[in-house]
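Biologist: I would like to go through this structure term by term. Please give me the value behind each word, and the cut-off where one is needed.

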Amino acid sequence: NIAGIQLKADLLANVSGELGGNYFNGQAKYKFNDDAKVKASIVISSKAPNFNFILNHSDYIGYNWRNSFKNERSQSLNLKFSSKKWFDADVSFTSLDNYTYFSGLNSLTQTTPQQSEDAITYLKVKIGKEFKYGKFALNNTVMYQNVTQTGDVFNVPEFVMRNTLYFTDKWFKKAMFVQTGITFSYFSKYFANGFNPLIGEFYSQNQQEIGNFPRLDFFINAKVRRTRIYLKAEHFN
């Protein structure tokens, strides 16, 4: 602790074995008052890709490989502000080198492990705020994401929204806790990763987009003593 700033750092390193790597996480926290606080962090890592990228044996001829990929390297700067009175904000900027991924057109075609030779930068900005009035509350989250890359290998939606209007009370002489509400969610259209069940991995694709439509989910959450009941009606499109 220095002048009200809490400092913390973690350092890990592989000192033996074929899969070398290291990890560093440095954090600084500062509390303005009982309500507002800020946290800044830097994360630097170098690690071998998921073992499924390196070695795979299968009865399917096209799904046998042994690769010698470089370590994936990432550097991330993060800033988080928290306040019940104002809002919560989270900003992060990440740089990825030697990003490893599976590529494929769809689950019926061969999915192969690949490693990007170009750097990828990823920016994420998220803001959240909850408003309360009596037994009602409105929880809101808005997120913006931006990726700079060569090709479509690291895909995320540009905008994500989530809003939940809910009611909380205690019924039957406060014997039952009840919470019920509606969640509205939306994300912009993007090329979501597909899934290959043969290797149990997601793969990057640029053939089919999803998103750009609203979804409404209804939920009921109740608790009586040690018994909890949760019902949810989900909206699919």
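Modeller: The second largest pocket has a volume of about 240 Å³. This is a predicted model, and 13 residues line that pocket.

Biologist: Which residues lie nearest the centre of the second largest pocket?

Modeller: Glu18, Leu19, Ile54, Asn67 and Ser68 lie nearest its centre. By class, its lining has seven nonpolar, four polar and two charged residues.

Biologist: What is the volume of the largest pocket, and how many residues line it?

Modeller: The volume of the largest pocket is about 320 Å³. Its lining has 17 residues, and Asp88, Gly128, Lys129, Glu130 and Asn139 are nearest the centre. Eight of the lining residues are charged, five are polar and four are nonpolar.

Biologist: What makes Gly128 count as a lining residue of the largest pocket?

Modeller: A lining residue has an atom within 4 Å of a point of the pocket. Gly128 is among the residues that line the largest pocket, so Gly128 meets that cut-off.

Biologist: Which strand gives the largest share of that lining?

Modeller: Strand 10 does, with six residues. Strand 6, strand 7, strand 10 and strand 11 each supply at least two.

Biologist: How do you know that strand 10 and strand 11 pair?

Modeller: Two strands pair if there are at least two bridges between them. Strand 10 and strand 11 have 13 bridges, so they pair, and the sense is antiparallel. In this pairing Ile127 stands opposite Val142 of strand 11. The two strands form a hairpin with two residues between them, and Gly134 in the turn has a positive phi of about 65°.

Biologist: What makes strand 7 a partner of strand 10 as well?

Modeller: Nine bridges join strand 7 to strand 10, and the cut-off is at least two, so these strands pair too. They run antiparallel. Ser92 has Lys124 in strand 10 as its bridge partner.

Biologist: Why is Val125 called partly exposed?

Modeller: Buried means under 20% relative accessible area and exposed means over 50%. Val125 has 26%, which is in between, so Val125 is partly exposed. Val125 is found in strand 10. Beyond its neighbours within four places in sequence, Val125 is in contact with Asp90, Val91, Val142, Met143 and Tyr144.

Biologist: Why is Ser76 called buried?

Modeller: Its relative accessibility is 12%, and buried means under 20%, so Ser76 counts as buried. Ser76 lies in strand 6.

Biologist: How do you know that the side chains of Ser76 and Asn78 make a polar contact?

Modeller: The distance is 3.2 Å. The cut-off for such a pair of N or O atoms is within 3.5 Å, so the distance meets it.

Biologist: Why is Ala3 called exposed?

Modeller: Ala3 has a relative accessible area of 72%, and exposed means over 50%, so Ala3 is exposed. Ala3 lies in the segment before strand 1. Its phi is positive, about 50°, although Ala3 is not a glycine. Most residues other than glycine have a negative phi.

Biologist: What makes Phe172 exposed?

Modeller: Its relative accessible area is 61%, over the 50% cut-off, so Phe172 is exposed. Phe172 lies in the loop between strand 12 and strand 13, and its phi is positive, near 50°.

Key. Residues numbered from 1 in each chain as written. Predicted model: local features only at pLDDT ≥ 70, side-chain atom pairs only at ≥ 80, totals over all residues. Heavy atoms only, no water. Helix = DSSP H or I, 4+ residues; strand = E, 2+ residues; numbered from the N terminus. Buried < 20%, exposed > 50% of the residue type's maximum accessible area, 1.4 Å probe, protein only. Contact = heavy atoms within 4.5 Å. Polar contact = N/O pair within 3.5 Å; in protein donor to acceptor, adjacent residues only side chain to side chain. 1 Å grid on protein atoms, 1.4 Å probe; cavity = no way out; pocket = protein on both sides within 12 Å on 5 of 7 lines; lining within 4 Å. Points joined across faces, edges and corners; volume = space filled by probe spheres on them. Nonpolar A, V, L, I, M, F, W, Y, C, P; charged D, E, K, R; others polar.
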